Every structure is written in structure tokens, then in C-alpha cells.
Amino acid sequence: MENIYKIILEETLAGYWDCYLQEDKVILSAAFKAMFGYLDHELPDTTETWAKLILPEDMPRMDACLKAHYESHGKNPFNIDVRYKHKNGSIVWINTTGRVIEWDGDTPLRMVGCHIDITDKKTIEQTLEISEETFRNAFEYSPIGVVLVSMAGKFMKVNKSICEMLGYTAEELMTKTFQEITHPEDLEADLALLQKTLSGEIRTYNLEKRYIKKDGSFIWILLFVALVRDQAGEPLYFVSQIKDITERKKAESQLKESERRWIFASEGTGGGIWDFDLRNNTIFHSKQCLSMIGLEEHEFSNEPGQWTKRVHPDDRERYIADVRAYIEGKTDIYSNQHRVLCKDGTYKWILDRGKVIEYDENNKAARIIGTHIDITEQKQQEQHLRETLEVVSSQNNRLLNFAYIVSHNLRTHASNFKMIMDVLADPHTSEEEKAELSGHLAKVSEQLNETITNLNEVVSIQTNVDIQKSEIDLLSYFNRAVALLSNDISLWHIHIDNQIPPDCTLVYSPAYLESIILNLVSNAIKYRSATEHPEITFKYFNEHGRQGFTIADNGIGIDMEKNGNDLFGMYKTFNGNRDAKGMGLFITKNQVEALGGKIEVTSQLGKGTTFKVYLT
């Protein structure tokens, strides 16, 4: 029987290994060695052979997974994706799965397992992360410069705005690195922030620096940088957004020059002037200063505190602290940005600057002159920059969701196809049974075609900032899930109580809804009760305008105190099921939240689990 299992593993999973842990003896199948380009006789059957094939960077993760398997006496599954070195020097991604089958007390004696080559899957996932479709809108239609930068600093992809900004063609710019076009005096600060991002100390950073244009001149830019990592946490590339702030920097420089010459208060810059007389405890605000917030001169007194009362509550404490620190000589300059209440009830952002021009006999500040500049538009542009970055990140997440949908949904259809085909190929299957199975095959084929149609819709979604939705019939999606899983439902004699009303419609993404329902229902089946008659109940709710559904079962339940925080985590499994991937609930939560919904769960060991999904 053991040989039969080995043959099956060789035929279906490609690589088989059998390790006698206390004897330092291991049997590596020919298919195992061929996976890495070696003939059977070229690699000895030793643990040293195995160790030499694994990339050193992945060995600690492999060891940690093994240790957890041993220490849990096999309860923690040994299942991990690691990289191996091929004979030709390339890297092969392998899914390694194994289990200790012989123990001496708590000491593992013998462990068997298999290897599956998942290189193509990993390549597709990483390629999708920098997909042209995902970033097309953010690149081509962004009013600011957007670039992808490699770990070495080379431009991988640039948009039209950055090319126009610097005077290069896209082809010319992609032959350069950001280090080459950064002003030498600004490079050190940029690299320091970049290293903090790579080390994980910060997630993103922004700074003002200078870029050198093709004609040799330079411009000031406001740079926002975010690092994109792969699923293993390894850095892939940087997403940078660049705004030309040359004019703003020139204005700031001119203002500083004006301050140094003490004539800035009389210049018609469009800003407002204030004059704080600390001896007499009075403050003057110019006409321009007051008109900025919609007031006339007679509507504002010269008593200190009038302006402070209008400062936004969230900004007031910092505003007062900055003024006080400057007056007390704790800071060399006074500069503060805050929001001020206008007469019409709106708020404007104000850049507030001041300078002491007179001191009393005790060398204390006696008079301060300052300016108010309306920077509301600038703040709105900064917010636009942040929102653009969030759009890019959101599209990345939706692209990953698409990959997960493909791997989960299609696997269910493929499993049904295989089961039906296996029974059809069985010589003991009667003609009557074959005819019935053929009908099932046509039904599964029809459902698969519909799933692929929905997945195609997800592909088109990735190129849009907003996920496109359509009006759907909720009951039909639950009926489809039950039909798709009918073989398992029948096999385990599961009672389905579908209480979804027939006239329940809502606007949602068809592909996401199919995936969410399928994942939750298949979970309820998988973790059914072994002692009670399995039951699964579907219900619809509409609470304060928020629509959704619940899926309740009487299965084995979840220890929420122990596992509640990790329930929706990637690769988190809780019930010792060797087939569990730890991806279903992670995918489901991401899909629900991507469309503004939320998912809640209540569960009790031995009593069952209820998932409550808010779709809107």
C-alpha cells in the first residue's frame, strides 16, 4: 500500500520524500531531483542534499515551520512555500508539505511529504503586482508625475506628466536612475528616507527636493514615495508621485528675502498683515487679512484672542503652543499652518508667519509683525496627492483579490469536473448513472463559464478607480452556490435552510459576491459537526439601510478567545485540517471591505459559527 501512495504522489504531486529523522537518512524520489534539473544518480539521498538546494534566505522560515510541526506533535501542519536552486542556476518556487508519521513519545522518528512546483503561480502573482492594466489610469491621467522605481533606483515606468516636467522622452528617462537626476545637495536626505522605508522603520515618506532637467536647469518637486512588497515581505519596487512646486519655492524664497529686508508687510502679495503689540496687548489685522475669511474691518476687534477663537479646534493647541514658544524665545522662527473659520462657516488653511521687530528693556519680545497667506488650494492639492497614492494602493489590492478569486473559485469547479470524470471513467458505473453525471457535467460547465465571465469583469474592474457594480438577485447567488456544492451537500446529508427572500435585489459586484458566498458556504460544509445532523441557514437583513446576509451553521465552531484576532489573517488555520490553506476568510474579508462593507463572526466551540456580512 505504501508503494501505491508513492506512485500516486509521483504522478500527481511531482516530488516525494521520506526522512528518517533520528538516522539522518532521507529518500528523495527521482521526480524530486528532476524538479531541480538532476538525474536520480546525480544527487545523494541525504539531508545535506536537501539543505544545499534551498536558498539560504528561506532556510530560517523552513526551520521555523518544521519546529512548530514537531513541537505541536503534528497539530501545526508543515506546509510552506520556499525557493530552491535549479541546476541551471534559476530559482524554483516549491510548495513543501509533510507530516511526521512515526513518533517515539515526543521525538519525531519518520516524516514523509511531497513537493509541488509553484514557480509559474509565483511568477504570475508578482507580474500581476506591476500590471499595466492596474496602473494605466493612475499613470496616464494623473496631473502629477508618477513613476515606478526599481530597488537600484532605475525608472521602470514613467508617465507623461513627469516626462514633460523634466524634458525627457519616456525612453530617455527609463535609461536613468533617480540618483542621476536628483540635485547632489538633496540626494543624501532622499537616500536616508529610502533606507528607513526598506528597513520597515517607515512605510512611506515625502520630501521636497530638486530634480535636474534635461537642459541642465533644476526644478523643485514635492515627492511622495511608497514601497511595494511581495507576499513574502520582500521589496519589489517603489511608487513615487512627483509634483512641481518650483513656483511655490520661488514664492517662499521671495518672501524670506522680503522678511530679511523688513519690507514684506507693505508688499501687495495678496496676503494679510498682522501686528501684535505686546506692550499694549493689542493686535492689528489688515483689511486683506480679514477679507481672506470674509470679514469687514468693523467686524473684528483689536483684542488678542479673536483670531485664536476662530482657529479649528484640532489645530488650536498647536497654534497657541507655537506662538508662545516663539515669544518666549524657545524657537528661532514663528511659522504655523492652521485652519480658520470663515464667515460663511467654511474653513480656510492659513500659513501664519511672524518675526519680532522690537524688544523691551529686558530683551523680551515687545512687537511682532507677521503675515497670513491662504494656502487652502495647496492643501487641497496635497490631499489630492494622498488620494492618488491611495488609489494606486487600492488597485493593487483589487488585483491581488482577482488572483485569489481565480485560485479559489476555479479550483472548486475543477474539483467537481475531476470527481465527475473519475466516476464516468469507472467501469462499474452504469449507463443510467453516466447519463445522470453527464447532466451534472453540463451544469458544472455552465457554472464555470459564468464564473469566468464574472472574472473577466474583475479584470476590467482593475483599470477603473471605482469598482463597477450591477443589480443582482441575492437568492440566485445562494442557489448557485448550493448547486455548485451539491455533491458535498448530498454526501454529508447537510440540511440547507435558505431563507433569502425571492425579491431581494441589491447593487454589488457579481464576481465578488459569488466568491464571498462560495467561500463561506464551503467553509460551513468543511467544518460541519461530526456528532450533530449538519445544518446551514441563510438569512437576509436590512439594518438602518445596510443590506447583507448571515450564514449560520451548527458545526465544530471556532475558539474566538484564542483565534479571534487571527481569524481573517492570511495563511491562518485553526482546526488542524490538512487541506486548509488559510486563505478563504482572508480573501472574503478583503473582498467585502473593498466595496465598503464589513464582516462579523460569532462562534462557539461545538455549537457552530455565524458569519454576518454587510454588503452595503
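## Confidence of the model

The model is predicted, and its pLDDT averages 83 over the protein. A score of at least 70 is reached by 84% of the residues. Over residues 259-267, however, the pLDDT is below 50. This stretch has 15 contacts in the model beyond near neighbours in sequence.

Strand β5 (residues 107-117) pairs with strand β1 (residues 15-20) in the antiparallel sense, over six bridges. Within this pairing, Tyr 20 has Arg 110 of β5 as its bridge partner.

Strand β5 also pairs with strand β4 (residues 91-104), again in the antiparallel sense and over 10 bridges. Here Asp 104 has Thr 107 of β5 as its bridge partner. Strands β4 and β5 form a hairpin with two residues between them, where Gly 105 takes a positive phi near 70°.

Strands of a sheet pair through backbone hydrogen bonds, either parallel or antiparallel. An open sheet of five strands has the order β7-β6-β10-β9-β8, with antiparallel pairing. Its edge strands are β7 (155-158) and β8 (204-212), each of which pairs on one side only. On average, neighbouring strands of this sheet are turned by 30° against each other, direction ignored.

Strand β6 (residues 145-149) and strand β10 (residues 235-244) run antiparallel and are joined by five bridges. Gly 145 has Ile 242 in β10 as its bridge partner. Helix α10 (residues 184-198) packs on the sheet and touches β8, β9 (218-229) and β10. The direction of helix α10 makes about 155° with that of β8.

## Salt bridges

A search of the whole structure finds 31 salt bridges. One of them joins the side chains of Glu 208 and Arg 248, at 2.1 Å from N to O. This pair links distant parts of the chain, since Glu 208 is in strand β8 and Arg 248 is in helix α11 (residues 246-261), 40 residues apart. Glu 208 counts as partly exposed, at 31% relative accessibility.

Other salt bridges lie within a helix. In helix α14 (residues 313-327), Asp 322 and Arg 318 are four residues apart, about one turn of the helix. Their closest N and O atoms are 3.4 Å apart. Asp 322 counts as buried at 16% relative accessibility, whereas Arg 318 is exposed at 57%.

In helix α15 (residues 376-425), Lys 379 and Glu 382 are three residues apart, about one turn of the helix. Their side chains meet in a salt bridge of 3.8 Å, N to O, and both residues are buried. Elsewhere, salt bridges that share partners join Asp 275, Arg 279, Glu 358 and Arg 367 into one network.

## Two histidines with positive phi

Most residues other than glycine have a negative phi. His 493 has a positive value, near 55°. His 493 lies in the loop between α18 (486-491) and β17 (495-498). With a relative accessible area of 58%, His 493 is exposed.

The phi of His 544 is likewise positive, near 55°. His 544 is placed in the loop between β19 (535-543) and β20 (546-553). With a relative accessible area of 85%, His 544 is exposed.

How values were computed. Residues are numbered from 1 along each chain as its sequence is written. This is a predicted model: local features need pLDDT of at least 70, side-chain atom pairs count only at pLDDT 80 or more; totals for chains, interfaces and linings use all residues. Side-chain values use heavy atoms; hydrogens and water are left out. pLDDT is the predictor's confidence in each residue, from 0 to 100. Contact means heavy atoms within 4.5 Å. Buried means under 20% relative accessible area, exposed over 50%, partly exposed in between (1.4 Å probe, protein chains only). Two strands pair if DSSP finds at least two bridges between them. Axes are lines fitted to C-alpha atoms, for helices over the stretch in contact, and angles run from 0 to 180 degrees between N-to-C directions. A salt bridge is a side-chain nitrogen of Lys or Arg within 4 Å of a carboxyl oxygen of Asp or Glu.
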